[in-house]
Amino acid sequence: MSNILTIEALQVEVAGKLILKGVDLQIRGGEVHAIMGPNGSGKSTLANVIAGRPGYSVSAGSIHFKDQDLVELDPEVRARLGVFLAFQHPIEIPGVSNMEFLKAAVDSHCKAAGTEPPDSMEFIKHARAVAATLDLNPDFLKRGVNEGFSGGEKKRNEILQMLLLEPTLAMLDETDSGLDIDAMQTVAEGINQFRSADTAVLLVTHYQRLLNYVVPDFVHVLVDGRIVRSGDRSLALELEERGYGWVTATAA
Amino acid sequence: MTARELFLEELATRVQTLAVQAPALALLRNSAELDELPAGKLESFKYTPIESLYDTALADPEPGAMDVPDAPLRIADADHFVVPVSGIDIDTSALPAGLSALGLAESTLDLKELNAGLDVVRYPLVHVNTALIRDGLVVRVAAGHRVTPTLQLNLTSAETATCSRVVIILEPGSELRLFEQHHQSVVANRVLEIRLGADSTLHHTRWQGRSDCSAWQLTSVVLEDNACYRLDAFSLGGAPHRNDFHVRLTGNGADFELKGVQLTRDADKLDQQVVVEHVGQHGRSRQRIHGIASGKSRLSFNGRIHIHPGAQHTDARLTNRNLQIDGSAQINTKPELEIYADDVQCAHGATVGQIDAEQLFYLRSRGISDAAARALLMQGFLADCLPDNSLGQQIGRLLDAELGGPGA
């Protein structure tokens, strides 16, 4: 299976400060990769720079999505190619209904793909059905985007967007943070539902507990802007056991 | 000669001409206190210098300007009736029960007292309106009558709307829905006076489209005991547009609610001034005005709440939020609060901001283009100010089109 994401010697600056100091990463179809690391190691920066967040500048290295160089592309173009980021802190947009937002997003993908946008009524039915699988009350679709949602509802709304937009690469930035066990299982089921031979998942997480529900193929430990160790799922368990001090010490 | 002197001279000639053309209102025109027109600067006309209006007040319409475009908003046929703002040719048989509409000259109003209730110091352009008045309209809803169909005033007719005077009187316990629509192709100078008797209710929707002609209007409203005034006001800019709303809650328990949208783009200028005076006790006022300015436009808002001595238990709120879409648009906003009673609740706030970068990235990260995302955020910003009815939906679509959204 060819690579979905190829990152080489990536250096990223945010506000003039070097955050990622040379990251290499390859993700192939069907794979789930977890990026773990202590706070401030650059985990979120990696996910955000792939999504194209303004202010995150690539000072060296490259990011390719399949054969496409992403670095110069606008975030909406990356999204339409099939890159999705579930936000660590989903944004509230009062006055714009969740349904209106989801429809606009899906329509933009269809337009880019040259396909007919879904009929409004059909789309609403579909969105309600997917929301139900995430235990998200259909009333949330009528409300303002994330407006007044609880932490768990916001995270489930991110998964809802992922399932409706059907990306190729889904990056989940600390989607597990602030979730109780039930919500975590629901979110994990959503991610597992998304997994397929043609899709890839990048989980950014501080703790390994999500990895009990979404089992990764690879685990990478990011420390001070570099991947200092890669391994399989057992690495996450070892980290849980021994703490980040262990890799930080061995990396130094 | 100064602009003012030239203006006064020309105005005198016009008044003489009108004396022949429309003799019925000559007495009224002659009562205009033109000496009161200020020569210097007025604080309330800081962003729309009053002398600049003198220059345009007497401009003759350009050839072709009298071709009035179609009004963009429509109410379902069965739900409304239209009366001409000129007060001429009213088909009285078509009016709903309890409502009368007469030309100004035919009405029983004491014309000598016509300006008595207006704040001509703050808004001296009333004198110009009085001097040039040709005709006008007096609408009266009889006590206790609830008029169901919407009264539609189309301020589109070029000649008669140029300088019009409309008086709407709701007698005690009556109710009316009013839809005022502006769509003008000539300079316009209007005064709308509304008198709300005890326990009456007026639902007023005002739409003022964009126009290359300057327009200024005073809307002056008095509320008696427990009267209720709901105003939904939508203004797009022009060259320039000036709207003054003077709302005076004289009775006890009166209630005023304003939701407004103000939009300017390109070289538009829009200046809106709202003065709310609480005189009676237990009055309540709520104002929410959201504005968006783009291009090189200038958007000005002044919201003044004045609580008179004795207006105890007043509860007054004002929120004005604005978005500046690019760096060259100018937004001026000034909330003012003057309180002379000690047992009141008041809150006011004004903000000027820009499109939130985080919200914009969130939408774009889902594939929505930068332009569509901005339009969506602007629509969301205005959503709180739209009435929840079919007219509100139509207005929403017109605003979407203005903002470059899917309706465009």
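Predicted model: local features only at pLDDT ≥ 70, side-chain atom pairs only at ≥ 80, totals over all residues.
Two strands count as a pair here if DSSP finds at least two bridges between them.

Let me begin with chain A. Strand β3, residues 32-36, and strand β10, residues 200-205, pair in the parallel sense over five bridges.

Which strands form the open sheet around β3 and β10 in chain A? There are six, in the order β6-β9-β10-β3-β11-β12, and the pairing is mixed. At the edges you will find β6, residues 83-86, and β12, residues 226-231, and each of these pairs on one side only. From one strand to the next, the twist averages 20°.

A helix goes with this sheet too. Helix α5 of chain A, residues 151-165, lies across β6 and β9. Its direction is about 165° to that of β6(A).

Staying in chain A, let's turn to two helices that pack on each other. As a bit of background, two packed helices are described by the angle between their axes and the distance between the axes. For helix α3, residues 98-113, and helix α4, residues 120-133, the angle is about 110° and the axes are 11 Å apart. The two are therefore roughly perpendicular to each other, since angles from 65 to 115 degrees count that way. Their crossing is right-handed.

Who makes the contact? On the α3(A) side we have A:Met99, A:Leu102, A:Lys103 and A:Val106. On the α4(A) side we have A:Ser120, A:Phe123, A:Ile124 and A:Ala127. Sorted by class, this contact has six nonpolar residues, one polar and one charged.

Look at A:Ala9, in strand β1, residues 3-14. A:Ala9 has a positive phi of about 45°, although it is not a glycine.

On to chain B. Chain B is divided into domain 1, residues 3-355, and domain 2, residues 356-408. Taken over C-alpha atoms, the centres of these two domains are separated by 28 Å.

Where do the domains meet? In chain B, 18 residues of domain 1 are in contact with 16 residues of domain 2. On the domain 1 side, the elements that give two or more residues are β8, β10, β12 and β14. β12(B) gives the most, with four residues. That side of domain 1 divides into 12 nonpolar, three polar and three charged residues.

Chain B also has an open sheet, this one of nine strands. Read across, the order is β2-β3-β5-β7-β9-β11-β13-β15-β17, with mixed pairing. The edge strands are β2, residues 99-103, and β17, residues 330-339. Ignoring direction, neighbouring strands of this sheet are turned by 10° against each other on average.

Strand β13, residues 269-278, and strand β15, residues 298-307, pair in the parallel sense over 10 bridges. Here B:Gln273 stands opposite B:Asn302 in β15(B).

The peptide bond from B:Ala239 to B:Pro240 is cis, with omega near -20°. You will find B:Pro240 in the loop between β10 and β11 of chain B.

α6(B) and α7(B) pack at an angle of about 125°, with their axes 9 Å apart. That makes α6(B) oblique to α7(B). α6(B) passes α7(B) in a right-handed crossing. From α6(B), the residues that meet the partner helix are B:Gln359, B:Leu360, B:Leu363 and B:Arg364. From α7(B), they are B:Asp370, B:Ala373, B:Arg374, B:Leu376 and B:Leu377. By class, that contact has five nonpolar residues, one polar and three charged.

Note on methods. Residues numbered from 1 in each chain as written. Chains lettered and ligands numbered in written order. Domains from an automatic or database assignment. Contact = placed C-beta atoms within 7 Å. Nonpolar A, V, L, I, M, F, W, Y, C, P; charged D, E, K, R; others polar. Axes fitted to C-alpha atoms, helices over the stretch in contact; angles between N-to-C directions. Parallel < 35°, antiparallel > 145°, perpendicular 65-115°, else oblique. Left-handed = near helix turned anticlockwise from the far one by under 90°.
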